[in-house]
Every structure is written in structure tokens, then in C-alpha cells.
Amino acid sequence: MALPFSSLFSLLLLLMLFVTDVCNALPVAQNGTVEYLKLRLLHIKPSPSEAISFDFHRLSVLFSALHTSQSLKSPVVSGASTGSGQYFVDLRLGTPPQKLLLVADTGSDLVWVQCSACRDCSRHSPGSSFLARHSTTFSPHHCYDSACQLVPLPRHHRCNHTRLHSPCRYEYSYADGSVTSGFFSKETTTLNTSSGREARLKGIAFGCAFRISGPSVSGPSFNGAHGVMGLGRGPISLSSQLGRRFGNKFSYCLMDHTLSPPPTSYLLIGGAQNDVAPGKGRVRYTPLHTNPLSPTFYYIEIQSVSVDGVKLLIDPSVWALDKQGNGGTVVDSGTTLTFLPEPAYRQILSAMKRRVRLPSPVEPTPDFDLCVNVSGREHPSLPRLSFKLEGDSVFSPPPRNYFLDIEDDVKCLALQAVMTPSGFSVIGNLMQQGFLLEFDKDRTRLGFSRHGCALP
């Protein structure tokens with residue numbers, strides 16, 4: 001059966017994006033080991049009230065974008081970095097390299113940075129924006145380049161095929177009215193590899209944003225970032241662009257930031273993550289699923305939930321991704337807490353309350369349904385939560401991944417209910433702490449291991 005035109009187009013464009021001066025063969029270090037890219041993740045921890053506020057804003061935008069007519073027509077689903085920017089990556093862009101701080105986001109595809117077209121840039125503090133005129137390798141895509149079809153175009157944009165310099169203009173709109181727009185371009189980026197050397201990678205597609213407005217892309221929730229590093233499943237995400245050169249997979253370890261001093265987290269792009277988590281038997285896998293209405297996101301299937309080893313009587317349909325694109329479970333780096341369907345949440349909350357043997361706090365905690373006073377207890381006993389996933393794998397995080405320190409001696413259950421039937425469940429970054437998570441696009445599977453975060 002012949003492939004539909006859209007599939008053929010995407011396939012051809014992928015080939016065009018990845019056939020650059022960097023060979024598709026995996027880079028090899030001098031000692032013969034396969035190299036991968038290793039990027040340090042910087043973490044800004046929000047307060048519990050900020051986390052809830054940012055999370056609800058992010059999810060409301062993502063849920064809204066999931067079912068808008070615009071998202072169905074657009075080649076890029078606008079499920080981007082809405083809400084809290086908490087994990088950041090330093091990206092060195094251009095020639096000579098300019099250092100910029102980007103939100104690392106598995107919930108979006110487009111890589112974009114704040115840009116300036118200034119000639120005399122003395123008023124711009126270093127790293128506040130990308131100075132396009134100061135890079136010898138900056139090149140906007142032409143509006144009739146095939147790559148231009150991968151980004152949402154401004155409403156009244158017309159491509160002048162007769163002009164040599166007619167750049168590809170994009171406009172990335174979010175459901176809350178936020179906008180980033182500018183030139184869809186290509187540039188050289190400089191990244192560190194696992195062997196310690198620097199790799200200069202040419203032809204990276206990104207949005208050079210000259211207009212930025214709205215709460216999703218600026219303000220307190222953006223934490224001073226200068227753009228977004230999209231790590232979603234679409235062809236223009238950084239993980240997709242670099243994946244063909246480095247094994248088509250990426251992974252990260254989000255370390256426990258309650259420790260002092262907090263350990264360093266890393267984002268790894270490439271196929272050598274087993275060097276970090278030795279022994280394949282220690283990595284468990286579950287299939288990744290695709291929602292046609294939101295192909296950016298990494299969906300997994302939860303089959304059941306247990307508390308202290310007792311399986312809860314939750315209807316399996318609660319977890320299902322239906323034909324209308326509702327439901328399912330997304331693994332997301334940009335959300336702090338974990339959000340579950342309301343029927344499942346109520347069952348888990350009830351089971352937790354039955355098993356907790358700790359007193360309640362003196363002061364009320366309005367944002368959370370279950371809190372405990374752990375005063376005088378160095379290692380408080382808390383119920384154990386586990387998720388049985390498709391593929392006969394079990395995800396069993398420690399209690400610190402779902403009991404959040406709200407204040408001194410007070411811990412609260414860091415789960416929230418998804419009340420809208422058109423929403424989806426989210427495994428947030430707090431639940432992911434201390435695990436190596438490997439997103440394997442070739443095999444369409446998610447690997448996870450608690451033995452993989454001892455990074456050098």
C-alpha cells in the first residue's frame with residue numbers, strides 16, 4: 001500500500017535535515033568507544049505553590065492544544081514549554097559560539113532562541129539573546145525550502161519565490177495566547193561529548209525568535225531562559241535532528257535535589273547509554289505509543305497501580321488512550337507533580353490514607369489532599385506506590401518521589417487529579433528522580449533503571 005503524501009514528505013524531509021557534513025555513522029572516540037553527547041542539566045526548584053500553579057497552567061494549555069483545529073492542521077503541535085521551566089541546558093550556538101540558557105522540554109519539538117538583529121550590540125548583555133549578525137554560520141531557511149513546511153507559518157505570510165533573500169517566517173502560538181515568531185534558520189552548535197571533546201555540529205534547524213510575548217514564553221515561570229530546547233518526537237526536535245548522528249535515542253538522569261549539595265543531572269544524546277547503566281538486565285522497558293492528535297508526546301501505558309503491594313481495583317479503561325486522542329499517560333520533563341485520572345487518583349488517595357500511620361500537620365495545606373507531620377522521624381514510614389506498565393515492567397519509585405517536602409517536617413502526597421475527560425495522565429519530573437530514563441526512538445520504547453544515574 002502506498003504511503004500517504006504527508007508520510008512521504010516527512011520521510012524525505014527527515015533525510016534532508018540529517019544529511020549534513022556530519023556523517024550519520026556514530027562518532028567514535030580515540031579509545032574505540034562510541035561517543036554520545038553529554039549536556040549538563042541545570043535545575044531551578046520551584047516552591048510547592050509555584051509548582052502547582054505552573055503545572056496547572058502548563059497542563060491546561062496542553063489539554064487545550066490537543067483538541068484545537070489549529071493543532072490538527074499544523075505540522076508542529078504547539079505542545080511546547082508552557083508553565084514551569086525547571087531543567088535547563090546551556091546551548092552554544094553560532095560561530096563563534098554564543099552561550100544561551102534553554103528550557104529542556106520533552107513536551108515540545110521546536111528549538112527556538114531569543115534573537116536580536118542588532119549591528120551595534122553593546123547594549124545587549126552577553127547571553128541575553130542570540131546575536132544573529134555576529135555569527136558567520138547563521139543562515140535562515142528560504143521560504144520555499146521544504147524545511148519551511150515543518151513550522152507553523154504566520155497567517156498572512158506569502159513566499160516570494162523570485163527573491164533570493166526571502167526567509168522562512170514562523171509563528172508558534174500557544175493556547176494561552178503566548179507567541180514566539182521569527183525566522184526558521186540553521187546554525188552550527190557546539191556540544192560536549194562523552195569523551196570530553198567538543199563536537200561542532202552544523203545545519204541544526206532552529207527558530208530565531210525576534211518576537212516573544214505571553215506568560216508561556218516569558219515571565220516568572222520561564223525562569224530567565226532564552227528559549228526552548230524541544231526534545232519531542234517530531235523531526236525538528238533536537239533529539240530527532242541529532243539522533244540520526246548519535247544512535248536515535250536520548251536519556252537523562254534527574255538527580256534528587258533534596259540532597260545537599262545537589263548532584264548534577266545530565267542529558268545524554270546518543271546510543272551509548274549502556275555505558276552509564278551497565279548491564280541490560282538492569283534496564284526495564286515499556287513500549288512508547290503515539291497519539292495522532294499529539295505526535296510530540298511520549299505516551300506509555302499504565303495497566304495497574306499497587307500501594308504497598310496491593311493492587312487497586314481501578315478499571316483499566318481509566319488509563320486507555322482512546323480513538324479520539326483522549327487519555328493515555330505522558331512522560332514529561334516540564335511538569336513537576338504527577339497527574340492521574342480522577343477515578344484512579346481517588347483510589348490511590350484512599351489507599352494511602354488507610355496505610356499512613358503519621359499525624360496530620362497542625363496547619364492546613366489547601367493545595368494537597370494528604371499531608372503528614374514527620375517531626376522527630378529521620379526515616380518516616382510511608383506507603384509504597386508502584387505502576388505496572390505494558391511489557392510486564394514495574395515502575396516502583398521511592399516515596400521521596402511522590403511525597404513532597406512542603407515545609408519543615410511536613411510532607412504531602414505530590415499527586416493531583418486530572419478532572420477533564422479530554423486530558424491525559426502525566427508522570428512528572430519529581431516522580432522520575434533518581435532513574436535513568438532512555439527514550440529509544442528506533443525501538444519505540446522507554447527504558448528506566450535506578451542503577452543508571454551514577455554518572456561520572
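Which residues do ring pairs link into a cluster? They are F250, Y252, Y298 and F439.

## Before we start

This is a predicted model, where local features need pLDDT of at least 70, side-chain atom pairs count only at pLDDT 80 or more, and totals for chains, interfaces and linings use all residues. Residues are numbered from 1 along each chain as its sequence is written, and side-chain values use heavy atoms, with hydrogens and water left out.

## Rings that pair up

The structure holds 14 aromatic pairs. Rings of Phe, Tyr and Trp (its six-membered ring) pair if their centres lie within 6.5 Å; planes under 30 degrees apart count as stacked, over 60 as edge-to-face and the rest as tilted. Take F250 and F439: their ring centres are 4.7 Å apart and their planes are at 5°, so this pair is stacked. F250 sits in strand β11 (residues 249–253) and F439 in strand β27 (residues 436–440), so the pair ties together parts that are 189 residues apart in sequence. Strands here are DSSP runs (E, at least two residues), numbered from the N terminus.

Buried means under 20% relative accessible area, with a 1.4 Å probe and protein chains only.

Now for F395 and F448, an edge-to-face pair with 5.5 Å from centre to centre and 90° between the planes. F395 belongs to strand β22 (residues 393–395) and F448 to strand β28 (residues 445–449), so this pair ties together parts that are 53 residues apart in sequence. Both F395 and F448 are buried.

## A closer look at β27

5 of the 5 residues of β27 are buried, so this strand is largely enclosed by the rest of the structure. In a regular strand the side chains alternate between the two faces of the sheet. In β27, L436, E438 and D440 point one way, while L437 and F439 point the other way.

What does β27 pair with? β11 and β27 pair in the antiparallel sense over 5 bridges, and C253 stands opposite L436. β27 and β28 also run antiparallel, joined by 5 bridges, with R445 as the bridge partner of D440. (Two strands pair if DSSP finds at least two bridges between them.) The hairpin of β27 and β28 has 4 residues between the strands, and T444 there takes a positive phi near 45°.

## Charges over rings

R445 turns up again here: it lies over the face of Y285, at 3.6 Å from the ring centre. K38 lies over the face of Y266, at 4.6 Å from the ring centre. A charge sits over a ring if NZ of Lys or CZ of Arg is within 6 Å of the ring centre and within 35 degrees of the ring normal.

Conventions:
Buried means under 20% relative accessible area, exposed over 50%, partly exposed in between (1.4 Å probe, protein chains only).
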